[in-house]
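User: I'd like to learn how to read packing features off a model. Could you walk me through this one?

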Amino acid sequence: MASVNDSKHSGDDPTTECNRLFIKSGKGLQLRALLSDAGLYSYAAICALSLHELYNYEWDQAFNQSCINNLLQHLQLPKQVKGVMISLIEGQGNQSTDAYVELLLGETNLKGKSLLVVEDMVLLAVKGGNYDARMRVLIRHMASLLRVPLELLELYEESVVEFLTEEHKEPSEEEQQELNKRNRGRKIKRYALIGLATLGGGAVLGLTGGLAAPLIGAGMGTILGGAGAAGAAAALGSTAGIAIIGSLFGVAGAGLTGFKMKKRVGEIEEFAFGPLTLKPQSSIVSNNNNRAFITQQLHISIVISGWLSDDADDNFIRPWRSLLCSREQYYLRYESQYLLELGKAMEYILSFAVSMAAQEALKYTILSGLLNAIMWPASLITLASVIDNPWGVCCRRSAEVGKQLAEVLMAREQGQRPVTLIGFSLGARVIYYCLREMASRPGKCEGIVQDAVLIGAPVTGSSKEWSRFGRVVSGRIVNGYCRGDWLLKFLYRTFSMASGVAGLQPINLKDRRMFNYDLSDLVSGHSEYPEKMREILELIGIRTRSLDSMATGDMAMKKSNSDLPVRSKVSLLTLRRCKSDNAVHQCGLDEEKWKETLAAASLETLAISSPTMSTSPSELMTP
């Protein structure tokens with residue numbers, strides 16, 4: 001067995017030795033031993049055709065060839081096959097994956113257990129300690145073709161992590177009892193998914209806690225160079241094993257929560273990550289002793305809020321309580337002082353607009369009036385400075401935060417793992433500038449970001465600008481917009497943009513990565529994004545927690561601030577005044593001036609219209 005002390009290659013760098021040990025053959029379970037030559041060829045062909053479908057740009061070709069070379073070497077296919085696979089990647093022959101899928105599923109020894117192929121791809125993907133985002137998108141695509149539920153893929157990834165990070169020693173009796181108690185609930189959840197594992201007439205190997213270790217051990221033992229789980233355990237204690245774990249999860253092993261901003265970008269005053277997943281049966285609001293926790297996984301998510309409505313401890317977390325995009329999730333805490341000022345200003349302006357519209361109830365509703373009329377009312381323009389200043393400050397700072405986030409991701413502070421970014425309002429703006437900064441670094445930006453979800457983004461809608469992100473994002477680029485977002489339109493009233501604002505319209509980009517979602521039936525305006533986040537995520541296709549699990553795991557969950565049905569339009573009479581009666585005073589107006597302003601507003605005609613949008617430079621979004 002190879003070890004740190006006795007390896008004859010101990011002078012090599014960890015990555016070199018890691019790859020050498022992965023290539024060794026062992027006595028464990030090998031997929032290539034189960035498949036016929038036709039099955040192996042079909043496996044490789046499905047991969048090659050999928051690469052052509054997913055990554056067909058010039059900058060993707062180096063990754064495509066590296067991926068197919070590694071697979072052919074792994075499957076020990078003859079050198080003559082390489083030329084054929086390269087032609088498939090290049091799209092020659094216009095072949096379909098259907099015939100190859102049927103051939104592979106029909107393999108006698110495979111017995112319809114197509115999950116084994118997906119498992120093999122995962123092990124191959126992490127062999128060098130680098131789980132590339134493009135590789136994960138490819139694996140998910142192949143899992144779909146082979147009719148493997150994504151839930152099983154994610155459970156297998158979780159099992160790989162458990163095996164990699166497990167200390168391979170005999171536990172004491174007390175430790176074993178505690179371990180059994182901790183795993184009991186996890187087993188129940190996993191047994192419930194065994195029904196998903198009946199594919200093509202064959203029951204897939206169970207992925208419960210007791211069965212995962214032997215299964216992963218066999219695969220790891222084969223690739224790392226040992227016999228079964230015992231061989232894998234010894235290999236993981238070697239330089240190779242240390243290199244894999246350190247590379248995947250970061251050498252510090254603390255995830256993003258251990259990140260410290262060493263070099264400040266621009267005017268940034270606050271930039272830190274926190275764990276989004278709450279410890280079961282706890283609440284970070286009611287008890288300061290409760291702590292959030294993170295379990296390391298092969299895929300992570302980072303969520304970014306657009307403003308803060310209060311200074312509670314959970315203000316950055318609250319909109320994302322329903323999110324279950326991955327089992328390792330973080331939130332970005334940034335510029336909280338300025339985001340709180342913006343939140344109060346938004347609440348004040350919305351309260352004023354609702355009160356103003358109430359006096360014109362017989363003529364217009366707030367939304368139709370603000371969106372379809374001739375001019376913004378003078379009374380609203382008079383109070384514009386209340387929000388224009390904090391909005392301008394936050395826009396500038398969010399752009400700087402986005403550049404800082406790009407530096408963090410490209411420095412691989414999160415390890416060599418795929419990242420999904422999700423944000424609303426100014427949080428989406430942070431993501432936009434992060435992707436833009438990464439796109440300016442070709443050769444360093446690829447394979448990091450799996451998906452990017454921007455909701456109500458206050459950025460340009462120029463397809464030319466968004467097309468640059470195809471090099472950075474391996475999976476989906478999502479633009480969620482609301483056509484009736486009068487507040488966002490008001491904030492951009494002084495700009496002339498032919499390409500429009502992304503948060504108000506779809507992005508006209510012909511790319512398989514680009515997805516536009518019209519959220520107009522879910523939200524009536526900018527301020528509703530946080531409270532409607534569950535419905536928005538489900539529409540976009542991002543997994544959320546069940547209401548039962550949220551109630552159990554987070555006792556401090558609050559009822560949505562919206563009393564409106566999900567798919568109803570906001571009418572004038574259902575709009576409510578500001579949540580806080582003191583908001584007027586917080587924004588610098590006394591009660592008498594508030595009454596005078598409302599009286600003046602009643603004399604205004606609520607025939608308002610925003611100017612036509614036209615092009616502007618990419619910095620146009622900052623007022």
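User: Let's start with α5: what do the buried residues of α5 pack against?

Analyst: Some ground rules come with it. This is a predicted model, where local features need pLDDT of at least 70, side-chain atom pairs count only at pLDDT 80 or more, and totals for chains, interfaces and linings use all residues. Residues are numbered from 1 along each chain as its sequence is written, and side-chain values use heavy atoms, with hydrogens and water left out. Helices (H or I, at least four residues) and strands (E, at least two) are DSSP runs, numbered from the N terminus. Buried means under 20% relative accessible area, exposed over 50%, partly exposed in between (1.4 Å probe, protein chains only), and contact means heavy atoms within 4.5 Å. Now the case: the buried residues of α5 pack against α3 and α4. The buried ones are V81, M85, I86, S87, L88 and I89. After α5 comes G91, with a positive phi near 85°.

User: At what angle do α4 and α5 pack, and which residues make the contact?

Analyst: Axes are lines fitted to C-alpha atoms, for helices over the stretch in contact, and angles run from 0 to 180 degrees between N-to-C directions. A crossing is left-handed if the near helix is turned anticlockwise from the far one by less than a right angle, and right-handed if clockwise. Here α4 (residues 61-75) and α5 (residues 80-89) pack at about 145°, axes 11 Å apart, and the crossing is right-handed. On the α4 side the contact uses Q61, N64, Q65, I68, N69 and L72, and α5 brings V81, K82, M85, I86 and I89.

User: And how do α3 and α6 cross, left-handed or right-handed?

Analyst: α3 passes α6 in a left-handed crossing. Helix α3 (residues 37-54) and helix α6 (residues 98-105) pack at about 145°, with axes 9 Å apart. Residues of α3 including Y41, A45 and L49 meet Y100, V101, L103 and L104 of α6.

User: On to sheets. What is the strand order in the open sheet?

Analyst: In general, strands of a sheet pair through backbone hydrogen bonds, either parallel or antiparallel. The rule used is that two strands pair if DSSP finds at least two bridges between them. This open sheet has seven strands in the order β3-β5-β4-β6-β7-β8-β9, with mixed pairing. β3 (271-275) and β9 (514-518) are the edges, each with a single partner strand, so one side of each has no neighbour in the sheet. Neighbouring strands are turned by 20° against each other on average, direction ignored. Parallel strands β8 (residues 477-481) and β9 are joined by five bridges, with I477 opposite M514. Helix α18 (residues 426-439) lies across β4, β5, β6 and β7, at about 140° to β6.

User: Last topic: how many aromatic pairs are there?

Analyst: A ring pair is described by the distance of the centres and the angle of the planes. Rings of Phe, Tyr and Trp (its six-membered ring) pair if their centres lie within 6.5 Å; planes under 30 degrees apart count as stacked, over 60 as edge-to-face and the rest as tilted. That gives twelve aromatic pairs. Y55 and F63 are edge-to-face, 5.7 Å centre to centre with 85° between the planes, and both are buried. F316 and Y334 are tilted, at 6.3 Å and 50°. This pair links distant parts of the chain, 18 residues apart: F316 in the loop between β4 and β5, Y334 in β5.
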